[in-house]
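Good morning. Please look at the screen; I will talk about the ligand site.

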Amino acid sequence: MKPDLFEAPDYYNLDDLLTEEHKLIRDTARAWVKRDVSPIIEDAAQKAEFPKSIIPGLAEIGAFGPYIPEEYGGAGLDQISYGLIMQEIERGDSGVRSTASVQSSLVMYPIWKYGSEEQRKKFLPKLASGEFMGSFGLTEPDHGSNPGGMVTNFKDKGDHYLLNGAKLWISNSPFCDVAVVWAKNEEGRIHGLIVERGMEGFSTPETHNKWSLRASATGELIFQDVKVPKENLLPNKSGLGAPLGCLDSARFGIAWGAIGAAMDCYDTALRYAKERIQFGKPIAAFQLQQKKLAEMITEITKAQLLALRLGQLKNEDRATSAQISMAKRNNVDMAIKIAREARQILGGMGITGEYSIMRHMMNLESVITYEGTHDIHLLITGLDITGENAFK
Ligand SMILES: Cc1cc2nc3c(=O)[nH]c(=O)nc-3n(C[C@H](O)[C@H](O)[C@H](O)COP(=O)(O)OP(=O)(O)OC[C@H]3O[C@@H](n4cnc5c(N)ncnc54)[C@H](O)[C@@H]3O)c2cc1C
């Protein structure tokens with residue numbers, strides 16, 4: 001793969017709106033991605049392996065629990081810092097960002113928000129340091145966009161719960177130490193349970209042959225009469241709103257992360273267009289290529305503004321789920337379109353692993369589907385503005 005020459009676009013001087021701390025956090029993550037992710041990521045994606053060697057680095061830049069309080073091992077940062085870290089990681093690879101998102105927003109967040117003090121103390125510091133890796137089990141083979149229909153269930157057996165069912169498409173599952181699993185009790189109410197590797201009847205087979213997020217491990221979570229200790233039930237929130245609260249946090253991170261992937265594609269295409277000579281001049285001098293590049297930087301700038309404002313709202317605890325949906329949908333769509341256009345600017349070189357664009361493009365096919373599909377987020381906006389539910 002080519003050396004990482006990335007220079008971040010900031011067309012509207014948005015750095016002026018960041019604090020010195022934001023910039024330091026962002027630049028630290030950016031430097032780490034250049035040094036430790038870019039040189040190995042293409043190979044990892046080609047081999048379809050999650051590069052476990054980067055786990056300590058992810059912990060060091062604060063990617064595991066950026067906003068989780070320091071007393072639990074988190075970085076205690078604000079939401080804009082969290083967004084900036086996700087942006088930089090996804091600039092490297094969406095699969096690596098997925099691992100960090102799951103660990104932070106889908107595993108640490110529910111333990112912090114819905115867990116007991118004992119659960120927080122037992123799990124959060126180890127998740128923050130990367131000693132433990134986590135996964136989040138919501139999606140099932142027959143329940144994707146409609147998770148409320150889940151059939152995974154647990155029964156009260158006096159001194160423990162008996163868990164049965166299966167989850168599909170679970171990031172980090174093949175190597176997770178703990179899984180936050182959503183299941184229905186005997187009354188049909190959804191609860192979160194912390195399932196630990198080694199519990200009898202719990203297995204995590206890997207899903208192979210993905211053309212997308214190849215550097216992120218995806219798999220199943222299978223529960224066959226798993227005895228889960230009662231102290232592993234998350235006590236402080238139940239119902240579908242509990243997992244959806246986690247998804248709000250993860251989708252916020254994706255809205256920022258997708259900007260990173262788009263910035264990398266734009267920056268690569270711009271550099272290539274200035275250097276590639278055809279018909280005696282750089283292809284950047286042709287109007288058709290300029291149109292592509294000009295539209296890319298316009299869309300990136302709009303997405304940056306959307307994410308930054310959402311970060312401000314989130315810092316004030318005022319961001320609604322529907323606002324987060326809009327940003328996730330818009331920014332991932334923006335990124336995937338930019339990846340497709342950028343790929344064309346590189347001509348035949350664009351399809352090789354010499355450049356990051358094709359990998360970003362394929363990764364974004366998952367990002368546009370997971371954490372609520374592109375269509376589902378549109379319906380969320382539709383419901384929010386009309387009051388009419390078009391889901392069913
Ligand atoms: C790589 C990867 C990693 C993932 N990681 C995780 C994870 O860690 N944990 C987890 O729990 N899940 C995870 N997922 C699952 C992901 O969230 C689901 O794939 C997603 O929610 C969509 O569900 P589905 O694939 O079953 O599609 P479906 O729900 O079957 O949807 C298929 C199509 O129908 C459309 N559709 C569905 N309902 C409606 C409707 N009411 N109106 C209009 N159109 C509709 C959808 O928009 C979509 O286009 C992951 C998925 C992928 C691909």
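The ligand takes up the space of the largest pocket. A pocket here is an open set of points on a 1 Å grid over the protein atoms alone, with protein on both sides within 12 Å along at least five of seven lines. This is a predicted model, in which local features need pLDDT of at least 70 and side-chain atom pairs pLDDT 80 or more, while totals for chains, interfaces and linings use all residues. Residues are numbered from 1 along each chain as its sequence is written, and side-chain values use heavy atoms, leaving out hydrogens and water.

Which residues come nearest to the ligand? Of the 18 around it, they are F136, T139, S145, W169 and T373; being around it takes a heavy atom within 4 Å. The shell has 9 nonpolar, 7 polar and 2 charged residues, with Gly counted as polar.

Now the polar contacts, meaning pairs of N or O atoms within 3.5 Å. T139 has a polar side-chain atom 2.7 Å from a ligand nitrogen. For S145, a polar side-chain atom is 2.6 Å from a ligand oxygen. The protein buries 68% of the 970 Å² that the ligand exposes when taken alone, by the Shrake-Rupley method with a 1.4 Å probe.

Finally, domain 2 (134–238) and domain 3 (241–386) each give the shell at least three residues; the bounds come from an automatic or database assignment.

Terms used: Polar contact = N/O pair within 3.5 Å; in protein donor to acceptor, adjacent residues only side chain to side chain. 1 Å grid on protein atoms, 1.4 Å probe; cavity = no way out; pocket = protein on both sides within 12 Å on 5 of 7 lines; lining within 4 Å. Sits in = over half its atoms within 2 Å of the grid points.
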